[in-house]
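Please look through the structure below with this report beside you. It goes from the parts of one chain to single residues, and then to the way the copies are arranged.

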There are 2 protein chains.
Amino acid sequence: MKGIRQLAKHLDISIGTVSRALNGRPDVNEDTRKRVLAAAEELGYVANQSGRSLRQGTTNVIGLMIESSKETVENSDNFFLGVTGGLQSVLSRHKLDLLMLPCPNDEDPHEYLKRMVARRIVDAMIISATQRVDKRIDLLIKTKIPFVALGRSTSGGNHTWIDLDFEGVAACAVDRLVSKGHRRIAIAAPSNDINLGYIFVDAYRKSLERHGIAFDPALVIRVKSSEQGGYQAGHEMLRLESKPSAIILIYELMAIGLYRRLNEAGIVPGRDLAVIGFREEPRGKFLQPSLTCFRMSLRDLGVELAETLLATMPAYAEHYPKGARSTIWPLELAPGESDAFSLTS
Amino acid sequence: MKGIRQLAKHLDISIGTVSRALNGRPDVNEDTRKRVLAAAEELGYVANQSGRSLRQGTTNVIGLMIESSKETVENSDNFFLGVTGGLQSVLSRHKLDLLMLPCPNDEDPHEYLKRMVARRIVDAMIISATQRVDKRIDLLIKTKIPFVALGRSTSGGNHTWIDLDFEGVAACAVDRLVSKGHRRIAIAAPSNDINLGYIFVDAYRKSLERHGIAFDPALVIRVKSSEQGGYQAGHEMLRLESKPSAIILIYELMAIGLYRRLNEAGIVPGRDLAVIGFREEPRGKFLQPSLTCFRMSLRDLGVELAETLLATMPAYAEHYPKGARSTIWPLELAPGESDAFSLTS
DNA sequence: CCGCTTTTCGGAAACGTTTTAGTATGGCAG
DNA sequence: CTGCCATACTAAAACGTTTCCGAAAAGCGG
């Protein structure tokens with residue numbers, strides 16, 4: 001005899017009343033409610049989650065699925081830990097807790113999610129690193145689990161998603177470089193298999209064409225999104241017959257490797273070559289010269305994610321009457337010294 | 001009527017037999033077992049976790065508590081994501097899943113853990129960022145939840161913990177610098193409030209004294225463990241009246257800031273000042289000059305963590321007959337160019 | 001053919017909670 | 001005084017699963 005039963009016996013009261021008192025139900029005398037709360041506090045009673053969720057089919061837990069693949073570990077640079085701050089601040093207001101579900105790298109993300117969903121351990125999900133076709137989305141729709149995807153996708157009709165404003169960033173970077181007279185602008189990006197690689201390069205191409213500059217496939221350098229990739233990107237760029245005067249990096253981390261390769265070749269970023277990075281992480285400003293890149297608040301993104309998710313959950317939707325089902329998250333230009341090189345002056 | 005009942009009805013078999021078939025119990029005919037498994041696969045049946053854990057008081061889930069404080073986000077640099085790889089590889093062999101519990105930065109970690117434990121959502125815990133006195137440890141001992149702490153602590157008698165070999169690293173760094181003739185060796189570390197700061201500086205002091213070098217408090221520069229902190233450390237070091245010829249950094253990230261400050265002062269690391277970092281992250285080797293630091297495998301640490309934890313869980317202890325209750329995790333020297341500066345030659 | 005063990009299965013209890021339905025009690029209008 | 005309603009409580013059912021216990025069937029030695 002444990003749990004609420006013990007508490008009820010200790011108070012010489014029925015367990016039903018204890019439960020209603022703890023859960024703030026109306027039909028319980030205020031005096032008894034106080035007694036119950038005091039006793040619960042004293043005995044350190046907290047409702048067993050299994051029994052509770054078995055009965056009411058809810059867990060008050062939100063899952064955030066992340067991948068712990070080698071790639072992610074090296075690149076994401078605490079992206080998720082940063083986002084959780086904003087997530088928590090919203091979720092805690094509704095007494096919801098956040099659980100991170102790291103998908104093992106040797107397991108299919110779809111299978112992993114299926115297992116977690118079947119377990120009924122979460123009320124809703126946030127999935128990240130969404131692919132262009134992503135079975136996880138169909139699964140979540142089929143099982144009717146509220147969710148929001150971090151990353152756009154074409155799977156499963158129109159679901160709710162949030163993604164970074166790659167188009168805006170690419171346009172801003174290209175505009176900025178073109179206004180300084182650059183016509184041959186290289187870009188270092190991951191392969192088209194990665195959603196980001198596809199979208200970003202596509203946006204880059206469109207931005208160029210808007211300026212009447214022909215898209216040159218040779219200027220698209222496909223590398224890993226890491227320092228190593230940045231080094232390699234520098235290497236490949238230097239081997240081009242017609243050298244670019246500017247380069248856009250999809251990951252700021254690449255800049256560290258790129259700088260090193262440029263240094264070996266005696267090229268100074270910002271003086272001989274304009275460099276613009278993408279997502280700012282706390283490294284860029286300490287490089288020499290400091291990196292021009294795009295800034296965003298991970299915390300704010302987390303807040304937006306949480307609010308969008310709650311809007312899709314029937315029990316909470318009333319507080320978050322969102323119309324938009326998909327959000328493009330803007331980034332702000334954070335100017336540095338690395339793109340000072342200009343062809344116009 | 002859902003779940004196992006439906007499955008049983010579909011097979012025209014009792015639910016008890018279905019359950020036993022799915023859980024691999026011996027007293028069930030192999031033919032019926034096959035039928036059950038096939039039907040479960042076909043109908044996509046997975047046992048509801050709430051019902052299951054309510055009955056058997058177990059969840060098959062291991063919790064990893066991390067802090068999502070600003071400090072952690074900026075410094076830990078995907079430490080946890082890296083460790084999870086190793087954790088998962090061991091846990092999945094026992095059909096255990098890993099859950100990351102990010103403690104909100106505005107909540108007391110102790111209260112957060114209490115809530116999570118009361119929920120009965122995990123069978124065992126791994127807690128990180130252990131403090132020298134840490135109420136979480138008393139809580140876990142009191143509630144009899146198997147756990148292992150990442151970081152040493154004096155709380156709660158002798159519990160199981162794993163920590164990095166700060167003594168070994170400090171000794172190795174000091175030895176190496178002293179062998180090159182350095183006598184005034186500075187150290188950049190966080191304050192004594194942080195466990196790491198206390199232990200590392202203490203080990204540094206002992207190493208110096210072993211070489212007969214007097215400990216000079218002025219050479220201990222207390223800064224944040226970030227690029228910013230590294231920059232500041234450089235700044236403070238340059239203001240010392242009697243300048244050191246070498247410096248040890250507790251976080252490799254500091255090197256980026258330090259390098260920048262040194263550059264501003266016209267000082268070249270490895271030529272005018274010997275620099276040794278601590279934990280290698282994939283940045284150091286791309287700095288110029290490359291950083292001498294200490295390397296470890298996050299994955300292996302995760303494996304060790306998982307095996308140590310399983311050894312403390314009665315249901316799994318048989319496979320992991322560990323004697324040691326505490327482990328010092330070694331790091332390996334990764335030589336670079338930054339400590340080339342020598343006073344002996 | 002009998003008694004015994006082994007194999008295989010069905011029925012039912014149990015896990016801890018919430019919630020529904022029902023029951024006293026008291027107040028109040030008629 | 002009677003009927004009615006609001007209040008505050010109790011009792012019991014339900015959530016989905018696992019596991020204990022007993023029983024039927026089957027095998028087997030005598």
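This is a predicted model: local features need pLDDT of at least 70, side-chain atom pairs count only at pLDDT 80 or more; totals for chains, interfaces and linings use all residues.

Asp12(A), which is not a glycine, has a positive phi of about 55°, and it is found in the loop that links helix H1 (3-11) to helix H2 (15-22) of chain A. Lys144(A), also a residue other than glycine, has a positive phi near 60°, and it lies in the loop between helix H8 (135-142) and strand E4 (147-150) of chain A. The table sets out their angles and their accessibility.

| Residue | Phi | Relative accessible area |
|---|---|---|
| Asp12(A) | about 55° | 70% |
| Lys144(A) | near 60° | 72% |

Asp12(A) counts as exposed because its relative accessible area of 70% is over 50%, and Lys144(A), at 72%, is exposed by that cut-off too.

How are chain A and chain B related? Chain A is superposed on chain B, with an RMSD of 0.1 Å, by a rotation of 180° together with a shift of 0.1 Å along the axis of that rotation, and this is the relation of a two-fold axis. The same surface serves both copies, since 100% of the contact residues of chain A recur in chain B.

Terms used. Residues are numbered from 1 along each chain as its sequence is written. Chains are lettered from A and ligands numbered from 1 in the order in which they are written. Side-chain values use heavy atoms; hydrogens and water are left out. Helices (H or I, at least four residues) and strands (E, at least two) are DSSP runs, numbered from the N terminus. Buried means under 20% relative accessible area, exposed over 50%, partly exposed in between (1.4 Å probe, protein chains only). Copies are superposed by least squares on the C-alpha atoms of residues with pLDDT of at least 70 in both. Contact means heavy atoms within 4.5 Å.
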